[in-house]
Amino acid sequence: MHGAGNQKSPERVIRKDQKVLRFLAWLPARLYELVVRLRVAAYETSYLKSRRLEPTVISVGNLTVGGTGKTPMVGYIARYLAEEGHDAAILTRGYGRNSTGLRTLNVEAKSSVPDYREFGDEAVMMSEWLPEIPILISGDRWDAGNWASRELKSNVLILDDAYQHLRVERDLNILLLDATDPFGGFEMVPFGRLREPLYGIKRADAVIVTRADRPFDEHQTTSIIKHFCRADVPILYFYSSLVKLRHLQTGDAYEISKFRGWNVAAMCGIGNPEAFADELLQVGINIVAENFYKDHHPFSVNDLQTVAAGATAAGADAIITTEKDAVRLRGIELPETPVYAAVLELRSEDEVRFKSLLLRTVHRNAAELKKN
């Protein structure tokens, strides 16, 4: 055809557009990285000072945006320390909430079901996992920690998603890395998934590789961790296992073996939806429709109707979502197609080592307090 040789292919146009967008984002991205580096350097040189809380402070966080399993790990730690007789409290900022100031869950008797819009979906979810453990929601972990120490007599504070929250000193700084993408493409956002430069690994007192049951380059991962961290920093491996499905309409939970071979529609609004889909596939559940939304997505009636229609069209036996998403489905009329929430458990061959590390940290801090 005459002139066809001068036409640009769609692929070439897309690549050119991507280069233009990368060029336009380069300066803002580098300015953001500079601000992050300067902030970290200010704390490292004591220009800005971290402040000490009296209780033992255990921080759980990550280097990358997206889900690495922080909230389940916070719940795991809080439950174990409570079982060991410690007065633990969880401090979280309540991402996505529409309220301000300090909010609490599991501190006073509940008069109604907590609304995720006031407390944040993860805070509400943790309060139901751990009904005996106070959850404090505040953007100021220092003030919240002082309140927990003074009013609740908490001797252990667990900071959720606080690796970059440098204002508060911690006795144990736990860094979570997702085995499937531990270093976020080695670049900060927007070009990669890092929240801060990779050398931030060096602040970790312990590194936990999550989703360690998935294929990953263990040699490269451990080499990079050891390059930045002290020689005595332990590297531990955890993974989650889908053990039950909870029926949202009735609240009943069923062993996962009952659902092998089922065709389902997967629906979620979390940081790593692909990991959720993998959990379903690993236990023998077939996904015939996927409905992935942005993290913390506020579900509407229309959303659920769309998902239900797609599930019916695909011949799905059920709709399966996550426990975090189930919190945001409350108050919405559920479809005739049954809706289940996936119940996960953390597992590890390093469990004994990790629990020992937690107890040593608490006991060491208690002994130092007695000296002073």
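**Strand pairing and the helices across it**

Modeller: Leu105 stands opposite Ile135 in β4. These residues belong to an antiparallel pair, in which β3 is joined to strand β4 (residues 135-137) by three bridges. Two strands count as paired if DSSP finds at least two bridges between them. Strands are DSSP runs of E with at least two residues, helices are runs of H or I with at least four, and both are numbered from the N terminus.

The model is predicted, so local features need pLDDT of at least 70 and side-chain atom pairs count only at pLDDT 80 or more, while totals for chains, interfaces and linings use all residues. Residues are numbered from 1 along each chain as its sequence is written, and side-chain values use heavy atoms, with hydrogens and water left out.

The pair sits in an open sheet of eight strands with mixed pairing, in the order β3-β4-β2-β5-β1-β6-β7-β8. At its edges are β3 (103-105) and β8 (235-237), each of which pairs on one side only. From one strand to the next, the twist averages 20 degrees. Angles run from 0 to 180 degrees between N-to-C directions, and axes are lines fitted to C-alpha atoms, for helices over the stretch in contact.

Helix α5 (residues 141-152) lies across β2 (88-92), β3, β4 and β5 (156-160). Relative to β2, α5 runs at about 160 degrees. Contact here means heavy atoms within 4.5 Å.

There is also an open sheet of six strands, again with mixed pairing, whose order is β10-β9-β14-β13-β11-β12. Its edge strands are β10 (253-255) and β12 (286-292), and each pairs on one side only. In this sheet the twist averages 35 degrees from one strand to the next.

Met267 is the residue opposite Asn291 in β12. Helix α7 (residues 273-282) lies across β9 (239-247), β11, β12, β13 (318-322) and β14 (339-347). The direction of α7 is at about 165 degrees to β12.
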